[in-house]
Amino acid sequence: MPNLYMLLIGCSPPGRNIEQHDVYFGIGENLRDVIPYAVDFWPGGGKIHFDAWRKVHKVNEFEVTVITGSQPQNTYQLFFLNLGGYKPDEFEEFHYKMIVAAKDKSEAIRIAKQTAFYKHTGFKGAPSHIDDKYGIDVDDVYAVSDILDPHMKGQYFISVQPAPINLYEDEIHLGYFRIDKVNQWAAE
């Protein structure tokens with residue numbers, strides 16, 4: 001059965017002074033199936049690794065499944081949001097990456113505004129990156145189906161349905177996961 005995977009890719013591209021990151025969404029029977037596509041996602045980036053990954057099954061109170069064939073009739077869809085914020089006297093823009101199930105982008109942003117990150121990361125002159133004045137003023141907000149790996153679009157569809165009460169929370173794997181050690185940590 002195919003699964004949706006969310007990976008945080010890390011890399012120190014040639015000519016950069018610090019590690020860069022991006023988020024990749026791919027579909028496969030297991031994590032090993034999506035790794036070649038994730039590597040191709042960052043061409044010329046040099047030696048990449050993963051800093052986090054998760055098999056996406058539950059988001060908010062919704063169950064996420066991957067189906068083949070015709071596109072499901074979803075009332076809800078998945079959105080990926082990259083929130084940005086600041087802390088006084090910290091030379092950094094902090095980020096909080098999240099996926100939410102919502103009816104539309106506006107609802108996804110309303111959900112993001114309820115996070116502790118949004119409420120506590122920002123101050124006068126450097127607010128968090130969601131602003132009522134401008135509506136959608138987020139670093140990034142995308143429907144996951146729009147940013148899904150191009151090799152997988154049209155072949156797979158994401159179904160978002162109310163979750164059964166006993167559906168387990170997704171396990172988030174954190175660490176420095178080298179691509180060449182994939183068989184040791186991706187044995188699902």
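The structure holds 2 salt bridges, and since this is a predicted model, the tour begins with the residues that form them.

**First stop: the salt bridges**

Select Arg54 and Asp170, whose side chains meet in a salt bridge with 2.7 Å between N and O. Arg54 belongs to strand β3, whereas Asp170 sits in the loop between β9 and β10, so this pair ties together parts of the chain that are 116 residues apart in sequence. If you colour by accessibility, both Arg54 and Asp170 come out as buried.

Next select Glu169 together with Lys58, which form a salt bridge whose closest N and O atoms are 2.8 Å apart. Glu169 lies in the loop between β9 and β10 and Lys58 lies in strand β4, so here the pair ties together parts that are 111 residues apart in sequence.

Now move along to strand β9, residues 156-162, and select Ser159 within it. Ser159 is buried, with a relative accessible area of 8%. Which residues does Ser159 touch, not counting those up to four places away in sequence? Its contacts are Glu63, Val64, Thr65, Pro72 and Asn74. Thr65 deserves a distance label, for Ser159 and Thr65 are 94 residues apart in sequence and yet 5.2 Å apart in space, from C-alpha to C-alpha.

Return to strand β3, where Arg54 lies, and display the open sheet of 4 strands to which β3 belongs, in the order β2-β1-β3-β10 and with antiparallel pairing. Its edge strands are β2 (20-28) and β10 (172-178), each pairing on one side only, and the twist from one strand to the next averages 25 degrees. Select β1 (residues 3-11) and β3 (residues 48-56) together, and you have two strands that run antiparallel and are joined by 8 bridges; Cys11, for example, has Ile48 in β3 as its bridge partner. Helix α1, residues 31-41, packs on this sheet and touches β1, β2 and β3, with its direction making about 135 degrees with that of β2.

**Last stop: helix α2**

Finally, select helix α2, residues 105-112, in which Glu107, Ala108, Ile109 and Ala112 are buried. Against which elements do the buried residues of α2 pack? Showing their surroundings brings up β6 (77-85), β7 (94-102) and α3 (116-120). At the N-terminal end of α2, select Asp104, which caps the helix there, and draw the distance from its side-chain oxygen to the backbone nitrogen of Ser106, which is 3.2 Å.

Note on methods
Residues numbered from 1 in each chain as written. Predicted model: local features only at pLDDT ≥ 70, side-chain atom pairs only at ≥ 80, totals over all residues. Heavy atoms only, no water. Buried < 20%, exposed > 50% of the residue type's maximum accessible area, 1.4 Å probe, protein only. Contact = heavy atoms within 4.5 Å. Polar contact = N/O pair within 3.5 Å; in protein donor to acceptor, adjacent residues only side chain to side chain. Pairing = 2+ DSSP bridges. Axes fitted to C-alpha atoms, helices over the stretch in contact; angles between N-to-C directions. Salt bridge = Lys/Arg side-chain N within 4 Å of Asp/Glu carboxyl O.
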